Amino acid sequence: MRAYDERYLDEAMRNLGEAADFAVNECNLSIDEFFDLFVGTKIAEQFGFGAPKYISGMTGVELVCEIFEKSGLGDVPHPSKKYDLSPEYWTGWILAFYQWFLGRSFKSILRHISPKEVLRLYPTLHEASEYKCADTFNKIIKNKNEQSRLKTMRLQAKLTQKELAAKAGVNLRTLQQYESKAKNINKASADAVLDLARALGCEAEDLLELDLEEAEF
């Protein structure tokens, strides 16, 4: 389910494209650093929900200014050009579309495919349709994410399945089914996901999978 109406999408894409271009080519951030700040300031969350202030109420340059202010980074350089043709612009532009298309948070998406990875696809995809780009991103994520997020986080925490099940108060068989993706953890009860997240010392969203099959072209 998309968070905001499609009629606002073009403007949202232009604004995030301009922001990425300005942040990288004028403010000397890497594309990953910009998106880390975008997500870290929670502006990405509001943008993804379709907050009018961010998707249409300010320019991309103004968006970067607010990100810098919230991050305590000081003033940004004075804009010196039009921001609309660079690979960085395309990266922000297409990620705004992909987030809208999937209906998942930027934070969740960027955990599976980084802005730097998207930027590298510019030479082959920048003339393709938005839906072709989304299909390519989906294939990349599927290829990378054969292992469930739950298993990844459990292994990072150095816990066995039995230890995690006991610590979280979750049935061991159910845990195993979530790890193998025999059961969809996205459809688990909120309490169960929260209990697992607390036991692993992470956020509940860190355990959820991207529902790529639910995205309709």
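# Briefing: cores, salt bridges and aromatic pairs

In this structure, the largest nonpolar core comprises 51 residues, and those with the most contacts inside it are Phe34, Phe38, Phe47, Leu63 and Phe137. The model is predicted. Salt bridges number eight, and aromatic pairs number 12.

**Nonpolar cores**

- Leucine 63 is among the residues with the most contacts inside the largest core. Apart from its neighbours within four places in sequence, leucine 63 is in contact with Leu16, Ala19, Phe38, Ile43, Phe47, Tyr54 and Met58.

**Aromatic rings**

- The count of aromatic pairs comes to 12. In one of them, the ring centres of tryptophan 90 and tyrosine 122 are 5.8 Å apart and the ring planes stand at 65 degrees; because an angle over 60 degrees counts as edge-to-face, this pair is edge-to-face.
- Tryptophan 90 belongs to helix α6 (residues 87-102) and tyrosine 122 to helix α9 (residues 122-125), so their pairing ties together parts that are 32 residues apart in sequence. Tryptophan 90 and tyrosine 122 are both buried.
- Phenylalanine 97 and tyrosine 131 make a further edge-to-face pair, with 5.2 Å from centre to centre and 85 degrees between the planes. Since phenylalanine 97 is in helix α6 and tyrosine 131 in helix α10, this pair ties together parts that are 34 residues apart in sequence.
- Phenylalanine 97 counts as buried, at 2% relative accessibility, whereas tyrosine 131, at 34%, counts as partly exposed.
- Phe34, Phe35, Phe38, Phe47 and Phe106 are linked into a cluster by ring pairs. Phe34, Phe38 and Phe47 are also among the residues with the most contacts inside the largest core.
- Arginine 2 lies over the face of tryptophan 100, 4.8 Å from the ring centre.

**Salt bridges**

- The structure contains eight salt bridges. One of them joins arginine 111 to aspartate 206, with the closest N and O atoms 2.6 Å apart. Arginine 111 lies in helix α7 (residues 106-112) and aspartate 206 in the segment after α14 (190-200), so this bridge ties together parts that are 95 residues apart in sequence.
- Arginine 111 counts as partly exposed, at 23% relative accessibility, while aspartate 206 counts as buried, at 12%.
- Glutamate 209 and lysine 181 meet through their side chains in a salt bridge of 3.9 Å, N to O. Glutamate 209 is in the segment after α14 and lysine 181 in the loop between α13 (172-180) and α14, so the two tie together parts that are 28 residues apart in sequence.
- Glutamate 209 is buried, with a relative accessible area of 13%; lysine 181 is partly exposed, with a relative accessible area of 38%.
- Aspartate 135 and lysine 139 form a salt bridge in which the closest N and O atoms are 3.4 Å apart. This pair lies in helix α10 (residues 130-144), and because aspartate 135 and lysine 139 are four residues apart there, about one helical turn separates them.
- Aspartate 135 and lysine 139 are each partly exposed: the relative accessible area is 23% for aspartate 135 and 47% for lysine 139.

- At 0% relative accessibility, serine 108 counts as buried.
- The side chains of serine 108 and arginine 104 are joined by a polar contact of 3.2 Å.
- Apart from its neighbours within four places in sequence, serine 108 is in contact with Glu205 and Leu210.

**Aspartate 36**

- Aspartate 36 is located in helix α2 (residues 31-40). With a relative accessible area of 57%, aspartate 36 is exposed.
- Aspartate 36 and leucine 110 are 74 residues apart in sequence, and their C-alpha atoms are 9.2 Å apart in space.

Notes
Residues numbered from 1 in each chain as written. Predicted model: local features only at pLDDT ≥ 70, side-chain atom pairs only at ≥ 80, totals over all residues. Heavy atoms only, no water. Salt bridge = Lys/Arg side-chain N within 4 Å of Asp/Glu carboxyl O. Buried < 20%, exposed > 50% of the residue type's maximum accessible area, 1.4 Å probe, protein only. Core = buried A, V, L, I, M, F, W, Y, C linked by side-chain atoms within 4.5 Å. Contact = heavy atoms within 4.5 Å. Phe/Tyr/Trp six-rings, centres within 6.5 Å; stacked < 30°, edge-to-face > 60°. Lys NZ or Arg CZ within 6 Å of the ring centre and 35° of its normal. Polar contact = N/O pair within 3.5 Å; in protein donor to acceptor, adjacent residues only side chain to side chain.
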